[in-house]
Amino acid sequence: MGQVAWKALFLSLFDYKTEKYVIAKNKKVGVLYRVVQLSILAYLVGWVFVVKKGYQDTDTSLQSSVITKLKGVAFTNTSELGERLWDVADYVIPPQGESVFFVMTNLIVTPNQRQATCPEVGRTEPLDSQTPGKLGSSSIPDALCEEDTDCQEGKAVVAGNGVKTGRCLKDRGSTRGTCEVLAWCPVEKRSKPKKPLLGSAENFTVYIKNSVRFPKFKFSKMNVLATDNESYLKSCRYSQEHHPYCPIFVLGDIVRWAGGNFQEMALQGGVIGIQIEWNCDLDKAPSECNPHYSFSRLDNKSAESSISSGYNFRFAKYYRDAEGVDYRTLIKAYGIRFDVMVNGKAGKFNIIPTIINISSGLALMGAGAFFCDLVLLYLIKKSNFYRGKKYEEVKSSSRKSLSSPTLNGNQSPDQLDGL
Amino acid sequence: MGQVAWKALFLSLFDYKTEKYVIAKNKKVGVLYRVVQLSILAYLVGWVFVVKKGYQDTDTSLQSSVITKLKGVAFTNTSELGERLWDVADYVIPPQGESVFFVMTNLIVTPNQRQATCPEVGRTEPLDSQTPGKLGSSSIPDALCEEDTDCQEGKAVVAGNGVKTGRCLKDRGSTRGTCEVLAWCPVEKRSKPKKPLLGSAENFTVYIKNSVRFPKFKFSKMNVLATDNESYLKSCRYSQEHHPYCPIFVLGDIVRWAGGNFQEMALQGGVIGIQIEWNCDLDKAPSECNPHYSFSRLDNKSAESSISSGYNFRFAKYYRDAEGVDYRTLIKAYGIRFDVMVNGKAGKFNIIPTIINISSGLALMGAGAFFCDLVLLYLIKKSNFYRGKKYEEVKSSSRKSLSSPTLNGNQSPDQLDGL
Amino acid sequence: MGQVAWKALFLSLFDYKTEKYVIAKNKKVGVLYRVVQLSILAYLVGWVFVVKKGYQDTDTSLQSSVITKLKGVAFTNTSELGERLWDVADYVIPPQGESVFFVMTNLIVTPNQRQATCPEVGRTEPLDSQTPGKLGSSSIPDALCEEDTDCQEGKAVVAGNGVKTGRCLKDRGSTRGTCEVLAWCPVEKRSKPKKPLLGSAENFTVYIKNSVRFPKFKFSKMNVLATDNESYLKSCRYSQEHHPYCPIFVLGDIVRWAGGNFQEMALQGGVIGIQIEWNCDLDKAPSECNPHYSFSRLDNKSAESSISSGYNFRFAKYYRDAEGVDYRTLIKAYGIRFDVMVNGKAGKFNIIPTIINISSGLALMGAGAFFCDLVLLYLIKKSNFYRGKKYEEVKSSSRKSLSSPTLNGNQSPDQLDGL
């Protein structure tokens, strides 16, 4: 018998087992189920496949390289600096043309600073000309003194420019004075101009060269149009409507699109984000994979407190005089920092995500059927009857030969839960 | 009766309900179903578990720190600069050794620029020596003039170096000339050498120190081998075959592996990406978690138009003479920018993704059964018969006592859809 | 008949089909199934919904802008540099206040380097004062020579500072000497101080301004408190317990929290990561979306080999003397690089992930039922009986009129696999 039994066992492996269904001739639940099915189908086709392109394998880890190049000159004529022309090497920091670049639009210059001692009055309002001898109200509190002992020698001035020498410098007849400090002297004066020095930077242009590569699909593309018309690339200016693929941007336009006012930002400084988004459907032609630019202000303009507005930093140019002594020009630079941020996604048809999305849609159908079952078995009038039909009670105590009578029709009246 | 009913209800909660199956003794569909099952199992085990390591929890948000350090000196002897030695502080910009660094390989120096007036002839071909007095053909169109009124005072030259003074400078006897500009004078001349100045940068080396940390698993690793043999780390040079874990790279090698030609790139500039990929299976020993390097050219070399090839930028060194007047040396630097990009993924066994992946595999089996059902019920010869067996029609109008005769065997001939 | 049949077909579309279940009155399996169901429910509610917030749509692609500003001055008095005050423009590199900044804490200055010839003894221990004329043991091997032919003219010294001139410079009476090189002379001497020059940088503060934006939800926030109390923002210092939302950090604290020792790191250099994490539940009030700071040391401190510890780089300041000859001051800067890294995640209720997570939970229930089926059908005593009930064998050879007797009760004893 062993051999026969094994053969039967093997053959039975290829019997197909399929769930037994009960057809409930209840049109209400039937319509409900079809509605649920159609909703899921609509969601699957409309959202998952058409909108989210669920049939595609995606790559979001793009490799990107950004090269930026500014163009433009500005002429200024101030009492402090005289006639001066500013070109790219003067106002772009750092000069390398990376994805983050800063355009200096305003500056406070403190020339000829040397290591020496001088009064710590910097960073305050300039001495009032009407009442000479009176210090500005917002001067550095830690540097105020009445006598020498207020200026402890060797201690750095909090939020100041130097180390106290131990002397209190007072104007004649005045009781309060300022500590003398060892610092780069003279210290910087806070005398911010009311107008940006390089307001004409609004007309400067920046050429942004961005090439991206999706390693998974070995696909490369550049934001510069592959065109024969080289003069177009030299003369065009980006605008979303007319020149969406021109890589040259006017700074003033960028700031305006980001919702800022160039002259205001030029005075106080700020940070602008230039997002380049690549959203490529590689099932289509490569020429349909194009960058989309958007602009936003990254520093919080709305913040009221002066401590958190604007963007500036200090740097110095170092010189050495004939005697070999170092001196420097300190520059507090205000300006606009541009951060070019690239992100992207490429998709291409792939069988695996397609199958996974279809299966999860079918699993969702199972959830729909479960919901309709609840309605059929517990919420409608004849649910008791359907419960009896759906659930077939078997008792292990019944012998095989007797199992048929208990087969069907007997429903337990208390099956509350079909879960 | 209430108490008994509640007790029965409570007990019935622990009745186990299981779907009723119909065994169709149809070997064709049976074999089909087994094939589908095996395919899904193979996909689950082979792809999801073995290839994609679906039993692991992954962390892709790695923290990375890159320190780079270049070594090498180059000697040049040109008519313009004389004998000159270039070391790291001269040719690496910026000097900080961050993940993006630039090696200057070629340069155009315009020394001793001062704020003054001069003709705007810069950025053109040098004046033709055969026909003195004739301007280069590619000179700046906006700076060409025939009389003073062509040079509107105070207007910046488009794509030029300065602001027009209102004078048109002409050679004797010539009708056309160039506007005079206020600028950093003399303006830069376009006289690109045919050969890179620092071609020997090909032999420079860069030491890349990269340490990564996967915060989710508290796992840290460095690309520098934990070896006692310090002299190995000083003398080794990376090569994929022989020294895959040596952190010192020869620049010429990097460019070659990225598919470039060093001498060509040194002349025009370019951008090279150095990808470091960490793909760590933390279920294995930490020593098996090693970096993998790859190299690619990031600027689009294939682009034909001159506007989009190469990499260069301008910067200036500022000096002050004895009279306190600033002057500068303008340098247009060509060279290779290297972007070190680190990404990685670590995985470790975790029960939750394991369960999720197994369940989604089982859900997939449900989809397979659905597909086989379609075949059984609508595509094979006896589908009518199986449809009758699978679907049991019940009518709510039938009384409980009468429900048995309608139980089975009656199939509606028009059940087209088993969905 | 056609019209009637079509009508019946159409109506049958709205019959509701529901799986037929067998109730097994087996308490063991019933309890098991309920336990499995409860576990899945607990997992779904507890883990997926409460912990992982599975009902939310998430956005991880945040736009971030970081502005940093250092404050503090240090006074040093060394034999080499004399009395000198260091301020922000002196010790912060680069000065722009970006997300990566370097604070110089120690330096080796080599002033007045000029293009000339000199012995290549740089980067070695200083000549031993007890035994004058003897070279340091760790001098550059490639620069050692016994006669002129050891110094091949025009060849760069490996790991050295210049190009050999072909002369071997020997001290009187000594047999071994050093090659003469053309380089920036004098070459740098390795004489690292035992104490960091700017150890007081421990008290410097850095103000970190970080504004983030989640583009998907159009939500912006800043790490600087929207407070009226401006003086709080000027005087507070971050600490996790007392001032978790103060944006001003003391450098010494940062290093300590990262597990480092400031004075040690100031001597050798190092890299510190400042992570800012935004984990925002936008279903709650915006004021509950706050940054969380963490600090870690990014360069591998534990690495023993000297080649991989610390952080330093070389840069030069260029000067021009009265004769127009360039000279420079070479600075080897040691210090701490701070990398501010921002990442974040925002979540907001969305119906689609909610549905998907519920469905996948239900699919998991299917997997649980499958597991209980296995127990019921193959592992318990009466599994044979249940197998017969669950599986209803039908034979296609049986005629429709005869199908009823084979309907039920006949179980094949060899159905091993219910899969």
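1. In this predicted model, helix 2 (residues 27-51) of chain A packs against helix 7 (residues 351-379) of chain A at an angle of about 155°, and the two axes are 10 Å apart. Angles over 145 degrees count as roughly antiparallel, and helix 2 of chain A and helix 7 of chain A are therefore roughly antiparallel to each other. The crossing of helix 2 of chain A with helix 7 of chain A is right-handed.

2. From helix 2 of chain A come V29(A), L32(A), Y33(A), V36(A), Q37(A), I40(A), L41(A), Y43(A), L44(A), V48(A) and F49(A). Their partners in helix 7 of chain A include T354(A), N357(A), I358(A), G361(A), L364(A), M365(A), G368(A) and A369(A). By class, the residues of this contact of helix 2 of chain A with helix 7 of chain A are 18 nonpolar, five polar and no charged.

3. Helix 2 of chain A has 25 residues. From its first C-alpha to its last, helix 2 of chain A reaches 33 Å, close to the 36 Å expected at 1.5 Å a residue.

4. Which residues of helix 2 of chain A are buried? They are V29(A), G30(A), Y33(A), R34(A), V36(A), Q37(A), I40(A), L44(A), V48(A) and F49(A). An α-helix has 3.6 residues a turn, so residues three or four places apart point the same way. The cover over the buried residues of helix 2 of chain A includes helix 7 of chain A and strand 1 (16-19) of chain C.

5. Helix 2 (residues 27-51) of chain C also has 25 residues, and reaches 33 Å from its first C-alpha to its last, close to the expected 36 Å. Buried residues in helix 2 of chain C include V29(C), Y33(C), R34(C), V36(C), I40(C) and L44(C). The buried residues of helix 2 of chain C pack against strand 1 (16-19) of chain B together with helix 7 (351-379) of chain C.

6. Back in chain A, helix 7 also meets helix 8 (residues 383-390), where the axes come within 6 Å and cross at roughly 120°. Helix 7 of chain A and helix 8 of chain A are therefore oblique to each other. In this contact, D373(A), L376(A), L377(A), Y378(A) and L379(A) of helix 7 meet S383(A), Y386(A), R387(A) and K390(A) of helix 8. The residues of the contact of helix 7 of chain A with helix 8 of chain A divide into five nonpolar, one polar and three charged.

7. In chain B, helix 7 (residues 351-379) packs against helix 8 (residues 383-390) at an angle of about 120°, with axes 6 Å apart. This pair in chain B is therefore oblique. On the helix 7 side are D373(B), L376(B), L377(B), Y378(B) and L379(B), which meet S383(B), Y386(B), R387(B) and K390(B) in helix 8 of chain B. That contact in chain B has five nonpolar, one polar and three charged residues.

8. Is W86(B), at 5% relative accessibility, buried or exposed? Buried means under 20% relative accessible area, so W86(B) counts as buried. W86(B) lies in strand 6 (residues 82-86) of chain B. Not counting residues up to four places away in sequence, W86(B) touches G72(B), V73(B), A74(B), T76(B), L81(B), Y91(B), M104(B), L107(B), L197(B) and L198(B).

9. For chain A as a whole, there are eight helices and 19 strands. Buried residues make up 52% of the 419 residues in chain A. Among contacts in chain A between residues at least 6 apart in sequence, 67% join residues at least 24 apart.

Definitions and conventions:
Residues numbered from 1 in each chain as written. Chains lettered and ligands numbered in written order. Predicted model: local features only at pLDDT ≥ 70, side-chain atom pairs only at ≥ 80, totals over all residues. Heavy atoms only, no water. Axes fitted to C-alpha atoms, helices over the stretch in contact; angles between N-to-C directions. Helix = DSSP H or I, 4+ residues; strand = E, 2+ residues; numbered from the N terminus. Parallel < 35°, antiparallel > 145°, perpendicular 65-115°, else oblique. Left-handed = near helix turned anticlockwise from the far one by under 90°. Contact = heavy atoms within 4.5 Å. Nonpolar A, V, L, I, M, F, W, Y, C, P; charged D, E, K, R; others polar. Expected span 1.5 Å × (residues − 1). Buried < 20%, exposed > 50% of the residue type's maximum accessible area, 1.4 Å probe, protein only.
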